[in-house]
Structures are given as structure tokens and as C-alpha cells.
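Please keep the sequence and the model in view while reading.

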Amino acid sequence: MHGPASPGWLLVALCAATGAYCLLRMRSTVEEQRRAAGGEALMGFGMAAMAVPAAVVTPPRWAWLMYTAVFGAAALRTLWAARTGSHHLHHLMGAFSMAYMAATMATAPVRHHGAGGSGVPLLTSTLLVYFTGYVLLSGVRLVSLPVPADGGGSRTASLGWGDRPELAHACRLSMGIATVAMLITL
């Protein structure tokens, strides 16, 4: 994406770490959690690949088209899953925003890469408002999660790394923050 190299590499590290943790969450015994973690791992690693600073590697146009196709397919799959519950709608927004950003990068003239301002302003602004609200709400939810009274000897201590609810919330929060950062630099 656009922007300086140092924040870009931090964004790559954040997204890759989030994707790696989501892979750990796929080992959960709860099927719905495994399925959600798989989609979130795809998003995390895809965001990491897209966030590599353009000053280091400028992906060819076909790579952006591939990202658009992958995230577009993920958005369609999530749209289909949203029939069964509204909790899938955030995943739909995430996949759609990634497909939108990749399509914008694929269609932007080469001179715009690194200059910013190549997206549709109203759509970019709408996505920024949504994800900023999501980040703020998720931060409040994460802070207000109950802490075990016995210092970790309760239910959360017996859970594996993939089943810790506070880590799953932190994972989603970090991907929301990364999406806001990527939309700002679009």
C-alpha cells in the first residue's frame, strides 16, 4: 500500500501475527470458531501481503487483480453465510473492503501508487467511518471483558490458545485497526 516504509512494515507484522494466531484458533473444538478463524487467517495474511510497502516491492497489476478475486470470493462466501446470522456481516464488510482496496490498486495509474487519493472518496469515507466505529466499539468490549477472579485458575486457564475469547477479540481489533490504516493510505 501507500505510505512510508516503517509503518508499512509494522502493519505487515501486525497482520501476519494476527493471521498466525488465527491459524492457532483453527485448532478449536468449536466448529463455528474454527470456520471464523479460517476466514480471519485469510484476511490477516492477505492484509499482510497487501501492506508490504510499495517502496520495497511494487506488485504487478495481476497481483492486485488476484487479491481482488480472492477477497471478492471471500465476500461472496460470507454474504452466503450471512443468511444464517447477522454476526457474519462484519466479515462481509472486511472482505468487501479488502476487495475494494485491491481493485483500487489494480486500476490506479502507476503515478498514483504512493501518492494516495486513488479510491472512490464516498465509499472510502463510508468504510473508514464503519471501521473506525468498529475499532472503538471493539476496544471498549475488549477492555470490559471479565477477568477471572482467581488470577487465571478458572475456565480461561484451561482453554488452549485458540479458545481464549480475549485473544480472539484482540485479533479482530488489530485487523480493524489495520483496515483503518490501509483505508487512510488508499
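The buried residues of helix 7 (165-184) are covered by elements that include helix 1 (5-25), helix 2 (31-50), helix 4 (89-107) and helix 5 (121-143). This is a predicted model, in which local features need pLDDT of at least 70 and side-chain atom pairs count only at pLDDT 80 or more, while totals for chains, interfaces and linings use all residues. Residues are numbered from 1 along each chain as its sequence is written, and side-chain values use heavy atoms, with hydrogens and water left out. Helices are DSSP runs (H or I, at least four residues) numbered from the N terminus.

Helix 7 has 20 residues, and 29 Å separate its first C-alpha from its last, close to the expected 28 Å; the expected span is 1.5 Å times one less than the number of residues. Its buried residues include Ala168, Cys171, Met175, Gly176 and Met182, where buried means under 20% relative accessible area, exposed over 50%, and partly exposed in between (1.4 Å probe, protein chains only). Serine 174 also lies in helix 7. Because its relative accessible area is 12%, serine 174 counts as buried. Apart from neighbours within four places in sequence, serine 174 is in contact with Leu14 and Thr18; contact means heavy atoms within 4.5 Å.

Thr124, Leu127, Phe131, Tyr134, Val135 and Ser138 are buried in helix 5, and the cover over its buried residues includes helix 4 and helix 7.

The largest nonpolar core has 36 residues, and those with the most contacts inside it are Met47, Met50, Trp64, Phe71, Met98, Met101 and Met182. Two or more residues of this core come from each of helix 1, helix 2, helix 3, helix 4, helix 5 and helix 7. Helix 4 gives the largest share, 9 residues. Such a core is a set of buried Ala, Val, Leu, Ile, Met, Phe, Trp, Tyr and Cys residues joined through side-chain atoms within 4.5 Å.

Helix 3 (residues 61-81) supplies the largest share of the patch, 3 residues. Methionine 66 is found in helix 3 and counts as partly exposed because its relative accessibility is 42%.
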